[in-house]
Amino acid sequence: MFRILSGASFRAVGSAQPKLLKDIAARHLHSTYDVAIVGAGIVGLATARELILRHPTLSFILLEKEKELSLHQSGHNSGVIHSGIYYTPGSLKARLCVRGATLAYEYCEKKGLPYKRCGKLIVAVEQEEIPRLKALYERGMKNNVRDLGIIDAKGIREREPYCRGIMALDSPYTGIVDWRMVALRYGTDFEEAGGTIVTEYEVNDISVVKESPAGSSEGMKYPIAIRDKKGKEVRCRYVLTCGGLYSDRLSQISGCSPEPQIVPFRGDYLVLKPEKHYLVKGNIYPVPDPRFPFLGVHFTPRMDGSIWLGPNAVLAFKREGYKVYDFNARDFADALSFRGLQRLVLKNITYGIGEMYRGIFIGEQVKILQKYIPELSQSDVLRGPAGVRAQALDRDGNLVDDFVFDGGVGDVGSRVLHVRNAPSPAATSSLAIAEMIADEVENRFSL
């Protein structure tokens with residue numbers, strides 16, 4: 001259970017949700033802090049937790065624009081604990097994912113959070129996929145992925161009786177968890193360590209001020225002002241932003257480059273009807289095709305017992321647009337006018353049209369899924385939820401596949417750090433990412 005400050009009265013919303021304290025002034029809470037973190041998704045929460053545990057004598061505040069925590073990417077992902085197979089050996093993504101998975105399992109054990117180590121098969125259904133599958137195995141071994149192996153058709157049937165393939169990569173260390181539950185627990189840790197969380201605080205200005213806060217006797221100890229759209233202000237010594245889908249706009253507030261730009265891609269899932277759950281035991285994934293920018297559809301069991309199939313990947317017309325018809329004029333214009341997206345579309349026009357077509361016609365997506373489970377039929381599935389991925393793109397149309405840190409310009413630059421991109425699988429890697437960001441904060445700031 002943890003406190004959240006937001007707007008005008010007090011209410012409790014249950015054991016899984018925060019307590020909401022409203023009216024900051026009425027509660028006589030001070031408005032100056034050593035460090036402010038903007039964005040309460042899983043990366044922001046994990047990092048706030050890491051920083052306050054390292055520096056318990058400092059004051060920390062976490063600012064979130066929504067009424068609740070982790071409502072967007074952290075609350076709309078597939079719920080997989082990835083093992084680190086896909087990523088380039090030696091890369092930051094690979095190291096963070098492998099360490100992050102270990103830390104995630106340890107954290108869930110320590111906190112009593114439910115998870116399942118149900119495993120994953122990456123299945124080759126065509127002979128031409130076998131060289132790529134073997135290369136993926138070598139990559140996973142170089143990344144020190146635990147318990148990784150290659151199995152034949154018989155081994156596939158032993159693990160997934162209804163799955164058909166000629167060879168598969170077996171990753172028993174892969175698991176599932178409710179990442180939003182994990183993120184909320186990070187928030188509990190942060191609050192219990194003395195941190196303050198404020199919701200309904202949509203930041204629209206970060207700047208250096210030249211006067212002390214009203215009534216302050218500490219001079220210019222807190223030179224950074226963070227203001228929201230309602231005119232409220234928080235003063236601090238240093239700012240860290242972990243804005244997810246809005247990370248590029250937050251960084252531009254303090255004068256940073258507009259690139260890389262965040263382009264939202266929506267992934268629509270199908271769900272397997274309950275009477276057909278016996279068809280899937282663990283995660284079943286395709287062998288990724290390097291010609292295409294995204295992974296492809298897969299079978300994912302969930303902690304609530306449901307099974308998700310998908311997702312596709314299509315341009316979202318709103319940064320938090322989870323429905324097909326969700327639209328925001330600014331988000332849409334920003335995406336379409338960005339040269340990076342234009343070049344990405346041109347390079348992948350056939351793939352993109354196919355993704356849109358399969359998103360409209362369920363039967364076309366089912367045909368792909370039937371390559372792995374032939375017994376699956378269109379009548380076995382329903383339209384399910386959707387997620388929106390904050391994909392960072394450069395101006396050449398390349399997916400930015402690594403972390404981007406950025407500071408402001410001028411006086412603000414020495415006191416602000418923006419996490420411009422925390423690439424997938426950020427949830428799996430969240431505790432390891434938090435360690436890395438905390439190191440970066442300590443290197444840049446005099447905490």
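1. P260 sits in the loop between α6 (247-253) and β16. Helices here (H or I, at least four residues) and strands (E, at least two) are DSSP runs, numbered from the N terminus. A cis peptide bond also joins G310 and P311, where omega is about 0 degrees. P311 belongs to the loop between β19 (307-310) and β20 (314-315).

2. A word on the basis. The model is predicted, so local features need pLDDT of at least 70 and side-chain atom pairs count only at pLDDT 80 or more, while totals for chains, interfaces and linings use all residues. Residues are numbered from 1 along each chain as its sequence is written, and side-chain values use heavy atoms, with hydrogens and water left out.

3. Two backbone angles deserve a look. D147 is not a glycine, yet its phi is positive, near 60 degrees. D147 lies in the loop between α3 (130-142) and β9 (149-152). Its relative accessible area is 57%, so D147 is exposed. For this term, buried means under 20% relative accessible area, exposed over 50%, and partly exposed in between (1.4 Å probe, protein chains only). E200, also not a glycine, has a positive phi of about 55 degrees. E200 is placed in the loop between β12 (196-198) and β13 (203-208). At 18% relative accessibility, E200 counts as buried.

4. Helix α5 has 14 residues. From first C-alpha to last, α5 reaches 20 Å, close to the 20 Å expected at 1.5 Å a residue. That expected span is 1.5 Å times one less than the number of residues. Eleven of the 14 residues are buried, so α5 is largely enclosed by the rest of the structure. Among them are W179, R180, D189 and E191. At the start of α5, a side-chain oxygen of D178 comes to within 3.0 Å of the backbone nitrogen of R180. After α5 comes G194, with a positive phi near 110 degrees.

5. Next, the largest nonpolar core. It has 49 residues, and those touching the most other members are F60, L62, W179, V182, Y186, L240 and I437. Such a core is a set of buried Ala, Val, Leu, Ile, Met, Phe, Trp, Tyr and Cys residues joined through side-chain atoms within 4.5 Å. Elements giving two or more residues to this core include β4 (32-38), α1 (42-54), α5 and β23 (416-421). The largest share, eight residues, comes from α11.

6. How many aromatic pairs does the structure hold? There are ten. Rings of Phe, Tyr and Trp (its six-membered ring) pair if their centres lie within 6.5 Å; planes under 30 degrees apart count as stacked, over 60 as edge-to-face and the rest as tilted. Y107 and Y186 have ring centres 5.1 Å apart and planes at 65 degrees, so this pair is edge-to-face. The pair links distant parts of the chain, with Y107 in α2 (residues 92-111) and Y186 in α5 (residues 179-192), 79 residues apart.

7. Y162 and Y278 form another edge-to-face pair, 5.3 Å centre to centre with 70 degrees between the planes. Y162 lies in the loop between α4 (153-159) and β10 (167-171) and Y278 in the loop between β16 (261-272) and β17 (283-286), so the pair ties together parts 116 residues apart in sequence. Y162 is partly exposed at 29%. Y278 is partly exposed at 43%.

8. Y105, Y115 and Y173 form one aromatic cluster. R117 lies over the face of Y105, 4.0 Å from the ring centre. The charged end of R302 sits over the ring of W308, 3.7 Å from its centre. The criterion is NZ of Lys or CZ of Arg within 6 Å of the ring centre and within 35 degrees of the ring normal.

9. Y115 also has a place in a sheet. An open sheet of three strands runs in the order β6-β11-β7, with antiparallel pairing. β6 (80-81) and β7 (115-116) stand at the edges with a single partner strand each, so one side of each lacks a neighbour in the sheet. Strands pair if DSSP finds at least two bridges between them. β7 and β11 (residues 175-177) pair over two bridges. Y115 stands opposite V177 in β11.

Technical notes:
Polar contact = N/O pair within 3.5 Å; in protein donor to acceptor, adjacent residues only side chain to side chain.
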